[in-house]
Amino acid sequence: RLGVVTEMIFATIMLERGYDVFSPLGHSQKADLIVHKPPFKSKAIQIKKGTSRGGVSWQISTSTKKRTAAEGSVYTNYQIGDFDILAAHIAEVDCWALWRIEEVAGKSSVTWNKFETHRNNFDLLDL
């Protein structure tokens with residue numbers, strides 16, 4: 001349920017900022033939400049929660065996990081075209097870090113730290 005709660009927190013922030021928020025049905029899509037605010041183009045958003053690595057840095061997964069009977073858990077790194085923006089909630093410092101898909105495609109994870117420039121950088125949505 002933590003994933004759904006994180007998605008709802010992001011959706012609420014987007015609504016407060018004047019965006020329309022759309023949610024795909026099901027969980028087979030790579031995007032968790034679609035946000036739109038004229039005159040900007042709609043953006044597909046993948047939402048993650050950062051995992052603390054000692055209070056100074058956080059790890060954010062940039063892959064999807066699928067369970068299969070034959071292979072167990074199979075991880076697939078996100079690729080260009082899967083979504084537009086990765087939004088990670090860093091709950092311990094109450095902030096969001098956003099990356100363009102081009103910055104995270106092909107990686108298994110990214111690291112965020114307290115000195116990172118990716119801090120509440122919602123301006124990425126207004127491009």
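Me: In which loop is the place of D94?

Reply: This is a predicted model, in which local features need pLDDT of at least 70, side-chain atom pairs count only at pLDDT 80 or more, and totals for chains, interfaces and linings use all residues. Residues are numbered from 1 along each chain as its sequence is written, and side-chain values use heavy atoms, without hydrogens and water. Strands are DSSP runs (E, at least two residues) and helices likewise (H or I, at least four), numbered from the N terminus. By that numbering, D94 has its place in the loop between β8 and β9.

Me: What is the phi of D94?

Reply: Most residues other than glycine have a negative phi. D94 is not a glycine, yet its phi is positive. D94 belongs to the turn of the hairpin that β8 and β9 form with four residues between them. Its phi is about 50 degrees.

Me: Is D94 buried or exposed?

Reply: Buried means under 20% relative accessible area, exposed over 50%, and partly exposed in between (1.4 Å probe, protein chains only). The relative accessible area of D94 is 61%, so this residue counts as exposed.

Me: How many residues of β9 are buried?

Reply: β9 spans residues 95-100. This strand is largely enclosed by the rest of the structure, because the buried residues among its six number five.

Me: Which strands stand at the edges of the five-stranded sheet?

Reply: The sheet is open, with mixed pairing and the order β1-β2-β3-β8-β9. An edge strand has a single partner, so one side of it is left without a neighbour in the sheet; the two such strands here are β1 and β9.

Me: Which residue in β2 is the bridge partner of V21?

Reply: β1 and β2 run antiparallel and are joined by three bridges. β1 covers residues 20-22, and β2 covers residues 33-36. The partner of V21 in β2 is V35.

Me: At what angle does α1 run to β3?

Reply: α1 lies across β1, β2, β3, β8 and β9. Contact means heavy atoms within 4.5 Å. Axes are lines fitted to C-alpha atoms, for helices over the stretch in contact, and angles run from 0 to 180 degrees between N-to-C directions. On that scale, α1 and β3 stand at about 130 degrees.

Me: Which element gives the largest share of the lining of the largest pocket?

Reply: On a 1 Å grid over the protein atoms alone, a pocket is an open set of points where a 1.4 Å probe fits, with protein on both sides within 12 Å along at least five of seven lines; lining residues have an atom within 4 Å of a point. The largest pocket holds about 690 Å³, and its 26 lining residues include E7, H27, D32, Q46 and K48, the closest to its centre. The elements giving two or more residues are α1, β3 and β6. The largest share, six residues, comes from α1.

Conventions:
Grid points are joined across faces, edges and corners, and a volume is the space filled by probe spheres set on the points. Two strands pair if DSSP finds at least two bridges between them.
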